[in-house]
Amino acid sequence: MMEKTTFKKAIGGVLKAARFANNGQSWFLDGDDSIVVLNLQKSDFDDKYYVNLGIWLKSLGAVAFPAENKCHIQVRLTSLFPGDAEMIEGACSGNASDEDLRTFVEFLRVKVAPFCADCVHTGALWSKIEGGEFKKALIMKIAKDCLDPSHKS
């Protein structure tokens with residue numbers, strides 16, 4: 001049975017090593033073009049967490065610690081990495097084992113942190129969007145217009 005303090009410390013450790021700053025239930029990676037937010041959302045119905053990812057485009061406004069649900073791009077980690085959804089859900093549930101947590105922390109280190117590091121640059125972010133990596137994400141029209149090179153004059 002996972003203890004939430006252990007869960008949050010494990011996640012925080014790997015994200016801090018990847019240059020994320022912590023504020024409450026969220027971690028922020030501040031880059032030249034955007035801020036990537038990873039947020040833990042406690043389920044209202046089950047003993048589990050959801051991991052949400054948000055991207056705030058700095059060209060659309062200055063905010064030090066944007067709320068994930070106010071970001072220009074919003075997606076659940078399970079939708080962003082569908083091949084790893086079962087592992088993510090298992091690790092974020094109240095009955096996760098230590099091994100589940102270790103696997104998830106390694107996933108954050110190897111896949112999620114580098115993905116987020118790419119997303120702080122608009123060119124790489126647009127490539128990911130065009131490549132379909134954000135196909136299940138909420139992307140505000142203003143963000144698409146801002147990122148799409150064909151809209152620039």
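## A tour from Gln-25 to the cysteines

Start by selecting Gln-25, which sits in the loop between β1 (21-23) and β2 (26-30). The model on screen is a predicted one. Gln-25 has a relative accessibility of 30%, so the residue counts as partly exposed.

Next, show the surroundings of Gln-25. Leaving aside residues up to four places away in sequence, Gln-25 touches Lys-8, Leu-38, Asn-39, Leu-40 and Tyr-49.

Asn-39 belongs to strand β3 (residues 34-42). Is Asn-39 buried or exposed? Asn-39 counts as buried because its relative accessibility is 13%, and the limit for buried is under 20%.

Select Ser-26 together with Asn-39. The side chains of these two residues, Asn-39 and Ser-26, are joined by a polar contact of 2.9 Å. Beyond four places in sequence, the residues touched by Asn-39 are Gln-25, Ser-26, Tyr-50, Val-51, Asn-52 and Glu-68.

Finish with the cysteines. How many disulfides does the structure hold? The structure holds zero disulfides. Select Cys-119: this residue is in no disulfide, and the nearest cysteine sulfur belongs to Cys-116, 6.2 Å away. With a relative accessibility of 1%, Cys-119 counts as buried. Then select Cys-146, which is also in no disulfide. For Cys-146, the nearest cysteine sulfur is that of Cys-71, 14 Å away.

Technical notes:
Residues are numbered from 1 along each chain as its sequence is written. This is a predicted model: local features need pLDDT of at least 70, side-chain atom pairs count only at pLDDT 80 or more; totals for chains, interfaces and linings use all residues. Side-chain values use heavy atoms; hydrogens and water are left out. Helices (H or I, at least four residues) and strands (E, at least two) are DSSP runs, numbered from the N terminus. Buried means under 20% relative accessible area, exposed over 50%, partly exposed in between (1.4 Å probe, protein chains only). Contact means heavy atoms within 4.5 Å. A disulfide is a pair of cysteine sulfur atoms within 2.5 Å. A polar contact is a pair of N or O atoms within 3.5 Å; within protein, one must be able to donate a hydrogen and the other to accept it, and residues adjacent in sequence count only if both atoms are side-chain atoms.
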